[in-house]
Structure formats: structure tokens, C-alpha cells
Amino acid sequence: MSQPLGSEIDRELTVLEGLVTTVNPDGSPHVAAMGPLVSAGFDRFVLRPFRTSTTCQNLLRTGRCVAHVSDDVELIARAALHQLEAAPAMHATPSGDGFILASACRWFALRVASGPIAADDERPRMDCVVLDSGRLRDFFGLNRAKHAVIEATILATRLQFISCEEVLAEMERLAPLVEKTGGAAERRAWGMVEAYVRGWSPE
């Protein structure tokens, strides 16, 4: 998901936790959670996927993706932790070369505009331009339970670097936010993340 801001990152951009779809070699969609850097006017996106990820390989091959603004934290959590049991509902972009998530609030079809990427770059920086965009529905708004699910999910993606005990301790601190302000989707997402953390073991 998101990465720490470094000195090389444009400070006028903001991390937006969301979802990105790319196209696999067989034409099927791939859904991934990602925190791109985005300009206030949504006219500039910077992606930094891990080179080994399916998203990165698809971007290197096609130079195209669709970024989504979403308040569906259950889908974000499942995509981030590779717990999607089935592909979510989607439809094609107007150009027909990308996939839009039906549950998203807004979508942005992107083209990678940056130059050649070094073969040894673990997280290549991909500056993107917006080719097309659309709005599907209103954003739900600020909610502490949704925030807690995103925070717990990000921690769960870092279990190779921090202990399960540390993650569970932080989740215990965040849990009251889900209990007090979450709906059914947030509670399901929270339960999934907690089960993932408790069942995690290094490969």
C-alpha cells in the first residue's frame, strides 16, 4: 500500500489509499490495493509498485491502469492481503482497455508517462497522466472505523518486518473505533484482518 514520503517525492502530492486495476496478459483484470501520490486536482498520479508485484509487471507491459477513490475498506483490505475470494464487480473503461470497479466512488484511467525504468529498481517510480475519469457515486465521508481498518491492514502487510504481537497490540488500540462507529462491512473487514494476522507465519 502506501510508502513513506521521501525527499525525492513532490511534497505537493498526497498519499491516497485506494485500489488500482491493471490488465493481465490473458486480458483478465487484476485488483490491488495501492496508495499512489495524488495532486489536489487529481491531474497527477505517482505510482511506486514493488517490481515483483503483478501490478508492476502489468504496468511495465501495458503502461495503463485505473486508479480508484473508494470508501469500500473491506475490498481494500481483502485486496491488500490477497484475500479476495472472487473478483469484485467491474465494467470496462470507455476506451475498453481497462477495468472500473463498480463499488468505487471515482475512477481515473492512467497512462505511465515516466521514462525508462532501471532493471534494478525495486520500486520503480511511475509518473502518470490522466486519460479519462468518471464519478460513480458520492464518497461516504470521514469515519473512524474505516480509518481503523485501513491502519490495521497496512500493519498487516508489514508482518515480515514487525511482529504479530506488535500488530495485534496496535489493533487492540484501534478496535474500539470499529466497535463504536463501524457498520457491517467494517466489522467483517476487521475480523478478516485480525484472522489474517493471527494466522500469519513467515514463509
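Me: Where is the place of phenylalanine 42?
Reply: Phenylalanine 42 is in the loop between strand E4 (37-38) and strand E5 (44-47). Strands (E, at least two residues) and helices (H or I, at least four) are DSSP runs, numbered from the N terminus. The model is predicted: local features need pLDDT of at least 70, side-chain atom pairs count only at pLDDT 80 or more, and totals for chains, interfaces and linings use all residues. Residues are numbered from 1 along each chain as its sequence is written, and side-chain values use heavy atoms, leaving out hydrogens and water.

Me: Why is phenylalanine 42 called partly exposed?
Reply: Its relative accessible area is 23%. Buried means under 20%, exposed over 50%, and partly exposed in between (1.4 Å probe, protein chains only). So phenylalanine 42 is partly exposed.

Me: Why is phenylalanine 108 called buried?
Reply: Phenylalanine 108 has a relative accessible area of 3%, so it counts as buried.

Me: What makes phenylalanine 42 and phenylalanine 108 a stacked pair?
Reply: Rings of Phe, Tyr and Trp (its six-membered ring) pair if their centres lie within 6.5 Å; planes under 30 degrees apart count as stacked, over 60 as edge-to-face and the rest as tilted. Here the centres are 5.2 Å apart and the planes 5 degrees apart, so the pair is stacked. The pair ties together parts that are 66 residues apart in sequence.

Me: Why is the pair of phenylalanine 45 and phenylalanine 108 called tilted?
Reply: The centres are 5.3 Å apart, with 45 degrees between the planes, so the pair is tilted. Phenylalanine 45 is in strand E5 and phenylalanine 108 in strand E9.
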